[in-house]
Amino acid sequence: MGDHLGLIWERFTQHLELTVIPVALGFVVALVIAVAVLHRPRAYAIIISVTGILYTIPSLAAFLLVSRFTGLSILTAIIPLTTYTLLILVRGIVAGFQAVPPDVIEAATGMGYTGRQRLLGVELPLAVPLMVAAIRLATVTTIGLATVAAILGDTYGGFGQFLTEGLQTFFPTKIYLGAGLSVLFAVVADLVLVRVERWATPWARARAGAR
Amino acid sequence: MPSFISWLADPAHWSGADGVPTRVLEHIEISGSAVLVALLIGLPVGLWIGHTGRGATAAINIANIGRAIPSYALMGMILPISLSIGSELYWLSVVPVFVAMTALAVPPILVGAYAGLREVDRDLIEAARGMGLREGQILRGIEIPLAAPVIVGGIRTAVLQVIATATIGAIISGGGLGRYIFDGLLLPDIPRVEAGAVLIAALAIGVDILLAGVQRVLTPSPLRSPARTPEPPDVPGEPPPTGARALVRAIGG
């Protein structure tokens with residue numbers, strides 16, 4: 001029993017790694033892209049098409065194709081998982097910036113904010129709710145896709161490793177364990193991010209309380 | 001030259017029961033029938049929820065849970081059931097796979113239909129009611145056309161999900177392009193695995209481009225613009241969607 005708990009913990013840390021790295025990496029890349037294309041609708045349309053095509057590639061195929069170049073390293077899982085998050089995150093971040101009321105931007109400009117100060121001090125914080133919504137979606141999606149990465153081998157398998165082993169040995173208990181744990185992980189991660197959003201947007205709470 | 005290109009260039013791989021055309025057709029057949037059944041379930045329910053506004057919270061929650069269940073895990077859970085039915089009854093053992101694929105496709109279709117209808121300007125519908133249009137006429141004549149891009153967006157998501165899942169379903173059902181991947185991994189014959197992966201990616205991208213075209217055609221022309229993404233239009237003066245609504249929007253698109 002103790003051994004099993006140890007194994008589950010090990011798989012959990014792997015799965016956590018397979019989720020946090022792609023989402024964090026994807027967020028940084030998406031933020032840079034989003035700021036770059038924010039006022040260029042054509043560039044935005046192109047970026048959405050490109051990330052859309054990347055998103056379209058089934059995960060199993062993507063892992064196997066990337067493994068050709070990276071061998072069987074953690075990069076093989078990280079690269080496709082990161083590219084998958086881009087579509088959701090770029091859209092969410094751009095939508096977040098677009099949701100900032102024009103009056104607020106005008107007021108900030110009137111107060112003498114430079115473009116950069118306005119971006120960091122006004123637009124970015126106000127874009128947080130939609131950004132977090134996108135991060136939530138990207139996280140839950142990545143947790144699901146990461147289970148497929150187990151097909152590459154057991155070093156970075158996460159909970160998907162239980163699925164793969166269960167399938168190979170026709171041992172249903174392991175399959176249910178792997179499936180149950182990854183769903184549980186996704187639900188808990190989503191709840192944690194909801195808390196993060198509440199913490200990051202104190203003004204929204206104040207407004208809700210004032211009503 | 002990557003080995004999968006020479007694999008694909010070999011004419012021997014383009015004929016017979018294990019040939020590329022057969023496998024591609026199988027993949028389309030499996031995915032298409034699952035999407036069809038999902039449409040028959042998801043569209044009416046989604047349209048009803050969107051039109052009446054009843055059961056919206058339940059719909060969003062179901063969709064979120066649907067998102068959280070990895071397709072690989074769902075297939076994994078289905079496998080023991082399929083195996084217990086036994087391979088003598090081949091068609092019966094495929095039923096669970098089919099059910100699983102349909103179950104994955106219903107939430108995005110349902111949410112797309114629901115979210116699309118919800119985004120339609122309420123004043124417009126009130127005006128139509130005032131003009132004496134019946135509920136069915138409002139749904140057919142106003143809500144569905146205006147919501148069409150979002151509805152098709154949900155269907156696109158569902159189709160991609162199903163094409164990807166059909167790959168994993170090949171372990172059980174025995175057909176489709178996933179066969180190349182699993183046979184290739186067992187043998188092992190890596191060029192075959194890679195050829196399978198390339199074909200699946202190409203099929204998914206091709207079908208998605210096709211549906212993007214359908215989405216464009218179905219979008220009423222005033223809503224079309226070169227920079228338009230398949231996202232629902234923002235209604236001026238309305239607060240931007242946050243939280244659950246933003247999520248619904250993203251899933252639907």
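Tutor: We begin with a definition: a polar contact is a pair of N or O atoms within 3.5 Å; within protein, one must be able to donate a hydrogen and the other to accept it, and residues adjacent in sequence count only if both atoms are side-chain atoms. The model is predicted, so local features need pLDDT of at least 70 and side-chain atom pairs count only at pLDDT 80 or more, while totals for chains, interfaces and linings use all residues. Residues are numbered from 1 along each chain as its sequence is written, chains are lettered from A and ligands numbered from 1 in the order in which they are written, and side-chain values use heavy atoms, with hydrogens and water left out.

Student: Which residue caps the N-terminal end of helix H6 of chain B?

Tutor: Helices (H or I, at least four residues) and strands (E, at least two) are DSSP runs, numbered from the N terminus. Helix H6 of chain B covers residues 122-130. A side-chain oxygen of the capping residue lies 3.2 Å from the backbone nitrogen of B:Asp123, and that capping residue is B:Asp121.

Student: Which residue just after H6(B) takes a positive phi?

Tutor: The phi angle in question is about 90°. The residue that takes it is B:Gly132.

Student: How many helices are there in chain B?

Tutor: Read along the sequence, chain B follows the pattern α-α-α-α-α-α-α-α-α-α. Chain B has zero strands, and its number of helices is 10.

Student: What percentage of the residues of chain B count as buried?

Tutor: Buried means under 20% relative accessible area, exposed means over 50%, and partly exposed lies in between (1.4 Å probe, protein chains only). Chain B has 253 residues, and the share that counts as buried is 49%.

Student: Is B:Pro108 buried or exposed?

Tutor: B:Pro108 has its place in helix H5 (residues 90-119) of chain B. Contact means heavy atoms within 4.5 Å, and, leaving aside neighbours within four places in sequence, B:Pro108 is in contact with B:Gly154, B:Thr157 and B:Ala158. B:Pro108 and B:Ile155 are 47 residues apart in sequence, yet 6.7 Å apart in space, C-alpha to C-alpha. With a relative accessibility of 8%, B:Pro108 counts as buried.

Student: Which parts of chain A does the pair A:Arg11 and A:Glu165 tie together?

Tutor: A salt bridge is a side-chain nitrogen of Lys or Arg within 4 Å of a carboxyl oxygen of Asp or Glu. A:Arg11 and A:Glu165 form one, with their closest N and O atoms 3.8 Å apart. A:Arg11 is buried at 6% relative accessible area, and A:Glu165 is buried at 18%. The two residues are 154 apart in sequence, so the pair ties together helix H1 (residues 2-37) and helix H8 (residues 160-169) of chain A.

Student: Why are B:Asp183 and B:Arg179 separated by about one helical turn?

Tutor: An α-helix has 3.6 residues a turn, so residues three or four places apart point the same way. B:Asp183 and B:Arg179 form a salt bridge, with the closest N and O atoms 3.1 Å apart. They are separated by about one turn because they are four residues apart in helix H8 of chain B.

Student: Which two residues form the salt bridge across the interface of chain B and chain A?

Tutor: The rule finds one salt bridge across this interface. Its N to O distance is 2.6 Å, and the side chains that meet are those of A:Arg68 and B:Glu194.

Student: Which helix gives the most residues to the side of chain B that touches chain A?

Tutor: The elements that give two or more residues to that side are H3 (56-68), H4 (71-85), H7 (135-173), H8 (178-186), H9 (190-218) and H10 (243-252) of chain B. The one that gives the most, with nine residues, is H9(B).

Student: How much area do chain B and chain A bury between them?

Tutor: Buried area is the accessible area (1.4 Å probe) that two parts lose on being put together, summed over both. The contact takes 44 residues from chain B and 40 residues from chain A. Of the buried area, 77% is on carbon and sulfur atoms, and the total is about 3700 Å².
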